[in-house]
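Keep the sequence and the 3D view open as we go.

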Amino acid sequence: MARWRPDARERLRQAALELFAEQGFAATTVPAITARAGLTTRTFFRHFADKREVLFADEAEIGAYAKQLMATASADEPLAFIVAGLRTLAETYFEGRKDDLRQRRAIVASDPGLRERDQHKRAMLAEVMRDGFRAGGLDPLRADLLAETAGTLMYVSVAAWLDTDDGRRLGDIIDAALATLRTELEGLPTSNGQVASEG
């Protein structure tokens with residue numbers, strides 16, 4: 001029977017993405033997705049809690065990776081530690097999926113509820129990093145600042161990567177974004193009017 005075929009999850013995902021792109025997320029129903037995939041609604045709910053989960057199914061996987069990474073965080077060079085983690089995530093999750101991720105981004109951008117869910121995902125990752133840094137011995141202000149900076153660095157880099165076709169890998173764009181951030185901070189005046197790099 002078709003619903004037991006091992007590729008059911010991917011067939012459902014592809015059918016959903018096609019319909020979201022054709023008629024919009026709000027107008028797409030679960031029965032329409034299963035009809036396009038040639039499967040049953042019971043099979044759909046065996047794989048996804050609802051139609052939003054087609055777009056956010058990676059949330060648990062990335063969250064688990066972040067928790068595992070942050071479990072080894074310490075106060076020694078925390079920014080270098082998190083950037084290395086972002087590079088690993090770029091290679092293992094993002095590379096080779098640019099077209100798929102562009103399609104997902106367009107669908108998420110088209111719906112206010114999906115945009116809110118995407119912001120929740122971003123906040124969740126920042127919270128995981130913040131908690132990990134604090135557990136590793138960083139003071140709360142530094143932990144919060146580094147967690148938010150790391151999250152912004154990742155999201156800005158992914159957006160830039162999806163917007164380009166120049167062959168650069170996501171890891172290269174993360175490095176370039178970090179270099180830009182360092183340059184900007186080095187030129188920032190301190191409270192006594194000196195430039196930060198002047199020490």
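Q: Which residues of H7 are buried?
A: First, a caution: this is a predicted model. A residue is called buried when its relative accessible area is under 20%. In H7 the buried residues are Lys98, Asp100, Leu101, Arg104, Ile107 and Val108.

Q: What covers the buried residues of H7?
A: The cover includes helix H1 (8-23), helix H4 (53-56) and helix H6 (78-94). H8 and H9 are also part of it.

Q: How many residues has H7, and what span is expected?
A: Helix H7 covers residues 98-109, which is 12 residues. From first C-alpha to last, H7 reaches 16 Å. That is close to the 16 Å expected at 1.5 Å a residue.

Q: What describes two packed helices?
A: Two things: the angle between their axes and the distance between the axes. Take helix H8 (residues 112-135) and helix H9 (residues 140-162). Their axes come within 8 Å and cross at roughly 140°. Angles over 145 degrees would count as roughly antiparallel. H8 and H9 are therefore oblique to each other. Their crossing is right-handed.

Q: Which residues of H8 and H9 meet?
A: From H8, the contact has Asp118, Lys121, Arg122, Leu125, Ala126, Met129, Arg130, Phe133 and Arg134. From H9, it has Pro140, Ala143, Asp144, Leu146, Ala147, Glu148, Ala150, Gly151, Thr152 and Tyr155. Sorted by type, the residues of this H8 and H9 contact are 10 nonpolar, 2 polar and 7 charged.

Q: At what angle do H9 and H10 cross?
A: The axes of H9 and helix H10 (residues 170-186) cross at roughly 125° and come within 9 Å. That angle makes H9 oblique to H10. H9 passes H10 in a right-handed crossing.

Q: Which residues of H9 and H10 meet?
A: H9 brings Thr149, Leu153, Met154, Ser157, Val158, Ala160 and Trp161. H10 brings Leu170, Ile173, Ile174, Ala177, Leu178 and Leu181. The residues of this H9 and H10 contact are 11 nonpolar and 2 polar, with no charged.

Q: What is Thr34 in contact with, leaving aside neighbours within four places in sequence?
A: Look for heavy atoms within 4.5 Å. With those neighbours set aside, Thr34 is in contact with Leu12, Leu39, Thr40, Thr41 and Phe44.

Note on methods. Residues numbered from 1 in each chain as written. Predicted model: local features only at pLDDT ≥ 70, side-chain atom pairs only at ≥ 80, totals over all residues. Heavy atoms only, no water. Axes fitted to C-alpha atoms, helices over the stretch in contact; angles between N-to-C directions. Helix = DSSP H or I, 4+ residues; strand = E, 2+ residues; numbered from the N terminus. Parallel < 35°, antiparallel > 145°, perpendicular 65-115°, else oblique. Left-handed = near helix turned anticlockwise from the far one by under 90°. Nonpolar A, V, L, I, M, F, W, Y, C, P; charged D, E, K, R; others polar. Expected span 1.5 Å × (residues − 1). Buried < 20%, exposed > 50% of the residue type's maximum accessible area, 1.4 Å probe, protein only.
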